[in-house]
Amino acid sequence: VLATVGVITAGMAVVTIGGMFPRAGLMMTLGIFAPFVLWSFLLGSLQAVLLACGALVYISILVVWSRGLYRNVVNTMLLRHENDELVRELSRAKESAEQANLEKSRFLAAASHDLRQPMQGLWLFVGNLRQQWGRPEAAGILDHIENSLDAMRALFDSLLNISQLDSGGVKPRLQDVAIQSVLDRIEAEFSTECDRRMLRFKVWPSAAWVRTDPAMLDRILLNFVSNAVKYTPSGGGILVGCRRRGNQLEIQTWDSGLGIAPEHHVSIFDEFVQLNNPERDRNKGLGLGLAISRRLATLLDATLRLRSAPGRGSMFSVTVPLATASAHALPDAAILSAPSLQGLRLAFVDDEPGIVQSARAMCERWGMQVIGADSLAALLPALGDEAPDVIVTDYRLRDEQTGLALIEALRARWPRQPPLPAALLTGDTETELLPLVQARNIQVIYKPISAAGLAESLRALAPAARPPAPPASGS
């Protein structure tokens, strides 16, 4: 009994050692079992011989078992090393892709700045010429110039949007939104255009509320309807409506246009893809709208869907979550007149003298008082002791100065609550700039900007520049 127990226990040790270290297991087998088997045979009794034969069979089974265990251990380790190598390769590929994406965004930012800077002066000069010249010939030439600039600005704006979306510079601001307010804007935007193109345009009302970023949702739907208008022939129809899908709302855009073949249902959302514009006619768009919509939908965690067939029209839709609030009441519509720029005191700073001169000439025709300069040192004496109502400055100034520091200096000199309204005029697309200006309540105006765009931005700043007067005593 003791011999049998010893043989079994030693065999377990042999399997354990041999499974990891075959040579050590073999030496241990010979060292333990060889003397025992030899001693059993030398005893010569039947019981001893049977025990020796059983030990030999047991040893053979243990050797085969330990070798199989060793092969399994080796294969597992090799597989583990292969997985580790794959993980390292994936990490290197991910780093390369992220670096390439970062370099692309930097390239777009640099190209955007270098191209926007000279165009800014051109935009303002065009606005001045339009106000000064009254001859029909001059107005016609200016119309052509502005059309070309509009096309270039559309491309810049689209590239800027894609650059910001890819680099994470745009974050959704979720809120409860009455979907009818979004539909009203869509209807107001395209009704006139559809009438001109002789298209039937219908927007079905909806009382639903959704949880989303209204500006991003607007942009997605504007891209959908804009494509429907471009590719629907005269006499066709466009329909915008909503369908409830459980706890979500699907906003659909239907058209009776040219349709899209199934093999293009995925690629249509890529950049610069225009299936029905081989000649690259800029009047048919740039092929970036749906690419921007796809990125915006990703940020909103929304779902885009396409149903289309050649010759049968298309249906684009976006699905967003319904608002969790139990009930909402639509506010009464209020017509707000844009504040006047008359008498507004503007501090305008840019290191390009031509831009300062053009801005001063244009804004003075709007009734504004403009104090222009190319730096903070030149601006402060011109302002004197009276604070400006609004500050508009270029972001990158001379001698490594920034418009952000200039705004902070003027706000420190004339502290008030809320602080002096200010805007940065820039062609850069650096995402690091956005958190800084948002934290300081500073508006960003991207170059190039037209005369109308500048006026709209100044009107947006005007209410903050002119807080309502306190009520008279006794009222």
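Q: Where is T212 placed?
A: T212 sits in strand 3, residues 209-212. The model is a predicted one.

Q: Which residues does T212 touch, not counting residues up to four places away in sequence?
A: T212 touches R173, L174, Q175, V177, L217, L300 and V320. A contact needs heavy atoms within 4.5 Å.

Q: V320 is one of those contacts. What is the bridge partner of L249 in strand 7?
A: The partner of L249 is V320. Strand 5 (residues 248-255) and strand 7 (residues 314-321) run antiparallel.

Q: What makes strand 5 and strand 7 a pair?
A: Eight bridges join strand 5 to strand 7. Pairing takes at least two bridges. So the two strands pair.

Q: What is the strand order of the open sheet with mixed pairing?
A: The order is 2-4-5-7-6, in a sheet of five strands.

Q: What makes strand 2 and strand 6 edge strands?
A: Strand 2 (200-203) and strand 6 (303-308) each pair on one side only. Neighbouring strands of this sheet are turned by 20 degrees against each other on average, direction ignored.

Q: Which strands does helix 5 touch as it packs on the sheet?
A: Helix 5 (residues 179-196) touches strand 2, strand 4 (237-245) and strand 5. Its direction makes about 170 degrees with that of strand 2.

Q: Which strands does helix 6 touch?
A: Helix 6 (residues 214-230) touches strand 2, strand 4, strand 5, strand 6 and strand 7. Its direction makes about 170 degrees with that of strand 7.

Q: What is the strand order of the open sheet with parallel pairing?
A: That sheet has five strands, in the order 9-8-10-11-12.

Q: Why is one side of strand 9 and of strand 12 left without a neighbour in the sheet?
A: Strand 9 (369-373) and strand 12 (443-446) stand at the edges. Each has a single partner strand, so one side of each has no neighbour in the sheet.

Q: How do you know that strand 8 and strand 10 pair?
A: Four bridges join strand 8 (residues 345-349) to strand 10 (residues 390-394). At least two are needed. So they pair, and they run parallel. V349 stands opposite T393 in strand 10.

Q: Which strands does helix 10 touch as it packs on the sheet?
A: Helix 10 (residues 403-413) touches strand 8, strand 10 and strand 11 (422-426). Its direction makes about 155 degrees with that of strand 10.

Q: Why is L376 called partly exposed?
A: L376 has a relative accessible area of 27%.

Q: Where is L376 found, and which residues does it touch?
A: L376 is in helix 9 (residues 376-383). It touches L406, A409 and L410, not counting residues up to four places away in sequence. L376 and V349 are 27 residues apart in sequence and 7.9 Å apart in space, C-alpha to C-alpha.

Q: Which residues form a nonpolar patch on the surface?
A: I17, M20 and F21 form the patch. Together they have about 290 Å² of accessible area.

Terms used:
Residues numbered from 1 in each chain as written. Predicted model: local features only at pLDDT ≥ 70, side-chain atom pairs only at ≥ 80, totals over all residues. Heavy atoms only, no water. Axes fitted to C-alpha atoms, helices over the stretch in contact; angles between N-to-C directions. Patch = residues over 30% accessible without salt bridge, like charges linked within 9 Å, V, L, I, M, F, W, Y side chains within 5 Å. Areas by Shrake-Rupley, 256 points an atom, 1.4 Å probe, with all protein chains shown as cover. Salt bridge = Lys/Arg side-chain N within 4 Å of Asp/Glu carboxyl O. Buried < 20%, exposed > 50% of the residue type's maximum accessible area, 1.4 Å probe, protein only.
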